[in-house]
Amino acid sequence: MDARTRGHTGSMTAWKRALGLIAVVLAGAWLGLLTVGDVRTPVGPMDATMTLRPSLSGGTKIDVSPLGALELDSHVAPVRLDVDVDRLDPVRSRALVEHPERISGLQEEIARDVRHGTRDLAVRSCAAVVAGATALGLVIYRRPRRALAAGGLALALLAASGVSAFATWNPQSVLEPRYSGLLGSAPSVVGNARSIVTEFDVYQKELARLVTNVTKLYDAASTLPAYRPDPATMRVLHVSDIHLNPAAWHIIGSLVKQYDIDVIVDSGDTMDHGSAAENAFLDPIPDLGAPYVWVRGNHDSPDTQAYFSRLKNVHVLDEGRPVTVAGLRVAGVGDPQFTPDRSVRAAGDSAERVAGRRLASALREQKAAGTPVDIAVAHNPVAARETDGLVPLALAGHVHHRETRVLPLGTRLKVEGSTGGGGLRALQNREPEKVRTSVLYLDRITHRLQAWDEITLGGLGLTTAEVSRHLPGSR
């Protein structure tokens, strides 16, 4: 073999060794990051995990289970920052509820936590890539010098990635986030990105704002995502089947404030046994911040209805007599059956249809008199279906799950789930029943339904929240 051939062979061998070393460095660094390269850190009342991951394009991914995720083109580098919001810490969140004045300093606290977490992540990631590359180098080469070289090269690559990320850092990336999961259908829950950029010019504060809003979303019993009301719409909060759950008043009061609710419509079963001893449970209603329209359910007694009628700012519906509240004309009929427990035999759907027909007759009279009703309310959907063709919208409850359908003659029937999470009876179930309510957006002039938000909160022992927007043409 001549000198030229030996030189060429030696050059090829050197290239193979270099490529092999780079492969070991990359694989070892990735294994190191995957194994020990994450940092679990408090972010305000939330617990989050921050991680660096190999990536061809860089960027930041914020995963907020169960709401979904959003991705930001925050930087260009071979590493991506992953932030997983794991859970709401019950101790820290309870402190916020008990001391609401702390909310004002929450964003600064979160910015500080994110800064500390990023610093800890940088230190841990350096150690992880060096340890991973060095360990894999020892396994592959079985020579300490080669292994240390792999560790040093891994550190140099991470440092170069950090410089690249810093040089291409784009705090304006929140202008165009990419949403997935629930956030894809309701991106408003993380706030208005353009207004956020106007208010903050530091990326850490952008992230802090996102986490702050998600924190408020998780803390569902006291705050829910704010909605900026359109002056051309009126907002109706539909609740049903509270079943003596006192937490429902706190949730309803929060929604009234956050969504600027005009009218609350309760489609019945506010009580559980309809006894006189339960009546004091209704006392918070006048202080909820909006007129309360109510119809009797099969767990509400005549005594319950009499007590409701004496409460301030409450309008009781029965026998199709309409009431006008905030310009909205509503009529309803009380449930003809009182079946608080199994000792009372139910009359069945036939009794409900008779009650629904009485309501339908009253609606026809109002229509003939030139004062048509905007919304019909009945507790049982069987009764509500009898109003088809006489009103644009009918509301009901009773079945403890949501249904939305357009009836054959054009009336949209909306059946709400249990706003009380099934009440105390939910304790008998294997899984906690979720709390459900809806915000209906109606045109202020025509009173026609424009859209609605379905709000679902975790039941007993859970602190999750979902908000989804729907349009009349979508179902």
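This is a predicted model: local features need pLDDT of at least 70, side-chain atom pairs count only at pLDDT 80 or more; totals for chains, interfaces and linings use all residues.
I will begin with H243, which is placed in the loop between β7 (233–239) and α8 (247–259); helices (H or I, at least four residues) and strands (E, at least two) are taken as DSSP runs and numbered from the N terminus. Residues are numbered from 1 along each chain as its sequence is written, and side-chain values use heavy atoms, with hydrogens and water left out.

Most residues other than glycine have a negative phi. H243, however, has a positive phi, near 50°, and H243 is buried at a relative accessible area of 3%, where buried means under 20%, exposed means over 50% and partly exposed lies in between, with a 1.4 Å probe and protein chains only. A positive phi is also found at H398, near 80°, and H398 belongs to the loop between β14 (393–396) and β15 (403–406). Is H398 buried or partly exposed? With a relative accessible area of 28%, H398 is partly exposed.

Six strands form an open sheet with mixed pairing, in the order β11-β12-β13-β14-β16-β15, where two strands pair if DSSP finds at least two bridges between them. The edges are held by β11 (323–325) and β15, each of which has a single partner strand, so one side of each is left without a neighbour in the sheet. On average, and with direction ignored, neighbouring strands of this sheet are turned by 25° against each other; the axes behind such angles are lines fitted to C-alpha atoms, for helices over the stretch in contact, and angles run from 0 to 180 degrees between N-to-C directions.

Within this sheet, β12 (residues 328–333) and β13 (residues 375–378) pair in the parallel sense over four bridges, and G332 stands opposite V377 in β13. Across β12 and β13 lies helix α10 (residues 349–368), which runs at about 150° to β12.

A residue to look at here is V382, in helix α11 (residues 381–384). V382 counts as buried, at 12% relative accessibility. Which residues does V382 contact, leaving aside its neighbours within four places in sequence? They are D349, E352 and R353, with contact meaning heavy atoms within 4.5 Å. The C-alpha atoms of V382 and S350 are separated by 8.9 Å, although these two residues are 32 apart along the chain.

Let me turn to another parallel pair, in which β9 (residues 292–295) and β10 (residues 314–317) are joined by four bridges, with V293 opposite H315 in β10. From β9 the chain crosses through helix α9 (residues 302–310) to β10, and this β-α-β crossover is right-handed, that is, with the strands pointing away from the viewer, the path from the first strand over the helix to the second runs clockwise.

Next comes the packing. A nonpolar core is a set of buried Ala, Val, Leu, Ile, Met, Phe, Trp, Tyr and Cys residues joined through side-chain atoms within 4.5 Å. The largest such core has 32 residues, and among those that touch the most other members are W249 and Y292. At least two residues of this core come from each of β7, α8, β9, α9, β17 (435–443) and β18 (449–457), and α8 gives the most, with seven residues. Apart from this core lies another, of 21 residues, including V25, L52, L81 and L121.

Finally, the aromatic rings. The structure holds four aromatic pairs; rings of Phe, Tyr and Trp (its six-membered ring) pair if their centres lie within 6.5 Å, and planes under 30 degrees apart count as stacked, over 60 as edge-to-face and the rest as tilted. W249 and Y292 are edge-to-face, at 6.3 Å centre to centre and 65° between the planes. Because W249 lies in helix α8 and Y292 in strand β9, this pair ties together parts that are 43 residues apart in sequence. W249 is buried, with a relative accessible area of 7%, and Y292 counts as buried at 0% relative accessibility. The ring centres of Y292 and F308 are 6.3 Å apart and the planes stand at 15°, so that pair is stacked. F308 is likewise counted as buried, at 0% relative accessibility. W249, F281, Y292, W294 and F308 form one aromatic cluster.
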